[in-house]
Amino acid sequence: MRPRHKKNLDSRLEAVGDYLITLRNDSLNFEDAKKESHLLDLQALFGNDNPIHLEIGGGKGTFATTLAEQNPDINVLCVEKVRDVIVVGCETAKEKGLTNIKFLDCAAEYLPSYIPEKSIELLYLNFSCPYPKKSYASHRLTHERFLNIYKTLLRNGAPIYQKTDNMHFFEFSIEEFSKCGFVLSNISLDLHNSDFEGNIVTEYEARFSSQGFPIYRLEARLK
């Protein structure tokens, strides 16, 4: 469902300009993004060389801002292409006075233009849209075309953490990860009834779990 257009969106985005990096370039497509280079200087952006954690599809920023707040020794990049949504995360970060988080306003296809290769220590895919129709499979953030993007961004041995409430999407993801050379570990078919510690609950996760849906989780690393 398309989010409602928020009142005074432009002025709200302007007020959180220190947190928002507007990378939107609607002239780019997937192939263009691999050719164009507008790489961010991440050390200058954060003012340090701490490890970079990346969340793609961060929604309202509940996970990313909590992660940044709990881990001041890491830097968090949160990617979200819907401006009506990303503004909420930026406002939360500002309210909390966080200095180790930035939000990127772009689609995942564009990331090779902006994020340097081998710069990401850990990547999170939390409750990505499952695009249930087979004809839209290439839009899923665990599709092969996206996994090949992540391969260029991740440091050697850096993991991808995925969570979802959708069993069929989870099964699809397992197949795609395996096909693309990733080794899977810590697979959970019911995260909230497991012994996993340190889970940060997202807004979608809270909703789905309260409705009795199991939460699926895995970790994937390149061989």
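Reader: Which residues form one aromatic cluster?

Author: In this predicted model, the cluster is made up of F127, Y204, F208 and F213. The search of the whole structure finds eight aromatic pairs.

Reader: Why is the pair of F177 and F182 called edge-to-face?

Author: The ring centres of F177 and F182 are 5.4 Å apart, and a pair requires centres within 6.5 Å. The planes of the two rings stand at 75°, and an angle over 60 degrees counts as edge-to-face. The pair is therefore edge-to-face.

Reader: Why is F177 called buried, and why F182?

Author: Buried means under 20% relative accessible area. F177 has 0%, so F177 is buried. F182 has 3%, so F182 is buried too.

Reader: What makes T65 count as buried?

Author: The relative accessibility of T65 is 2%. The cut-off is under 20%, so T65 counts as buried. T65 is found in helix α4, where F63, A64, T66, L67 and A68 are also buried.

Reader: What covers the buried residues of α4?

Author: The cover includes β2, β3, α5, β4 and β5. T65 itself touches residues including G89, T92, A93 and F103, leaving aside those up to four places away in sequence.

Reader: How do you know that the charged end of K102 sits over the ring of Y19?

Author: The charged end of K102 is 5.9 Å from the centre of the Y19 ring, and the distance limit is within 6 Å. The charged end of R217 sits over the ring of Y161, at 4.7 Å from its centre. The definition also asks for a position within 35 degrees of the ring normal.

Conventions:
Residues numbered from 1 in each chain as written. Predicted model: local features only at pLDDT ≥ 70, side-chain atom pairs only at ≥ 80, totals over all residues. Heavy atoms only, no water. Buried < 20%, exposed > 50% of the residue type's maximum accessible area, 1.4 Å probe, protein only. Helix = DSSP H or I, 4+ residues; strand = E, 2+ residues; numbered from the N terminus. Contact = heavy atoms within 4.5 Å. Phe/Tyr/Trp six-rings, centres within 6.5 Å; stacked < 30°, edge-to-face > 60°.
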